[in-house]
Amino acid sequence: MRIELSRFRVLPGKAERVDAWLQMLNDRMPETLATLEREEMQFEVIFREVIGDDQFLTWVSVQGEAGADVETSPHEVDHLHLEFWRECIDETHGRHDAQPQVVMVPPRVAAAMNW
């Protein structure tokens, strides 16, 4: 399993676009959830944070090692995600990853996740 916590800076002036994108994911949740199977994504959560004048999006996810990459997805919602990413994520700021140090998963949850 891959366990990730990654934070990305949103480009200045893109707050309204972030609002629209997050709303789109929520509005199209059945489609969004359907994309997770091919990625072997057990779960994914997106957090939004404001620090000073900057906005950040943080992803927390647990994914199987053999999951397909979002770049290869045939799903429209994934294509919209990639379009948003190219438009709104500040690639020059870099990706900030935290490394898991302790993973605590109750046996019933691990069994449900086929872990």
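Hi everyone, let me begin with contacts, meaning heavy atoms within 4.5 Å. Among contacts in this chain between residues at least 6 apart in sequence, 74% join residues at least 24 apart. Before going on, a word on the source: this is a predicted model, where local features need pLDDT of at least 70 and side-chain atom pairs count only at pLDDT 80 or more, while totals for chains, interfaces and linings use all residues. Residues are numbered from 1 along each chain as its sequence is written, and side-chain values use heavy atoms, with hydrogens and water left out.

Now the layout. The chain has 4 helices and 4 strands; these are DSSP runs numbered from the N terminus, with helices (H or I) of at least four residues and strands (E) of at least two. Starting at the N terminus, the order is β-α-α-β-β-α-β-α. Along the principal axes, the C-alpha atoms fill a box of roughly 45 × 35 × 20 Å. The accessible surface is about 7400 Å², and carbon and sulfur atoms account for 54% of that. Those areas come from the Shrake-Rupley method with a 1.4 Å probe, and for residues only the protein chains shown count as cover.

How much of the chain is buried? Of the 115 residues, 32% are buried. Buried means under 20% relative accessible area, exposed means over 50%, and partly exposed is in between (1.4 Å probe, protein chains only).

Let's look at helix H2, residues 29-38. Thr32, Thr35 and Leu36 are buried there. Viewed down the axis of H2, the buried residues fall within an arc of 110°, so they line one face of the helix. That arc is taken from the directions from the helix axis to the C-beta atoms. As background, an α-helix has 3.6 residues a turn, so residues three or four places apart point the same way. And what covers the buried residues of H2? The cover includes helix H1 (15-27), S2 and helix H3 (76-88). On the face turned away from the buried side, H2 carries the exposed residues Pro30 and Glu37.

Glutamate 40 has a positive phi of about 55°, although it is not a glycine. For context, most residues other than glycine have a negative phi. Glutamate 40 counts as partly exposed because its relative accessibility is 33%.

Next, the salt bridges. The rule asks for a side-chain nitrogen of Lys or Arg within 4 Å of a carboxyl oxygen of Asp or Glu. By this rule there are 9 salt bridges. Here are some of them.

Arginine 7 and glutamate 49 meet through their side chains, at 3.4 Å from N to O. This pair links distant parts of the chain, with arginine 7 in strand S1 (residues 2-9) and glutamate 49 in strand S2, 42 residues apart. Arginine 7 is partly exposed because its relative accessibility is 27%, and glutamate 49 is partly exposed at 33%.

Aspartate 90 and arginine 9 form another salt bridge, with their closest N and O atoms 2.3 Å apart. Here aspartate 90 sits in the loop between H3 and strand S4 (96-98), and arginine 9 is in strand S1, 81 residues apart. Are these two buried or exposed? Both aspartate 90 and arginine 9 are buried.

Then there is arginine 28 with glutamate 76, joined by a salt bridge of 2.9 Å, N to O. Arginine 28 is in the loop between H1 and H2 and glutamate 76 is in helix H3, 48 residues apart. Glutamate 76 is partly exposed, since its relative accessible area is 49%. Salt bridges also link Lys14, Arg17, Glu83 and Glu87 in a network.

Now over to strand S3, residues 54-63, where we find glutamine 55. Glutamine 55 counts as buried because its relative accessibility is 18%. Leaving aside residues up to four places away in sequence, glutamine 55 touches Phe8, Arg9, Val10, Ala15, Arg48, Glu49 and Val50. With the side chain of arginine 48, the glutamine 55 side chain makes a polar contact of 2.9 Å. A polar contact is a pair of N or O atoms within 3.5 Å; within protein, one must be able to donate a hydrogen and the other to accept it, and residues adjacent in sequence count only if both atoms are side-chain atoms.

Last stop, the surface. Phe43, Val45 and Phe47 make a nonpolar patch of about 260 Å². Patches are made of residues with over 30% relative accessible area and no salt bridge, with like charges joined within 9 Å and nonpolar side chains (Val, Leu, Ile, Met, Phe, Trp, Tyr) within 5 Å. Phenylalanine 43 lies in strand S2 (residues 41-51) and is partly exposed, at 36% relative accessible area.
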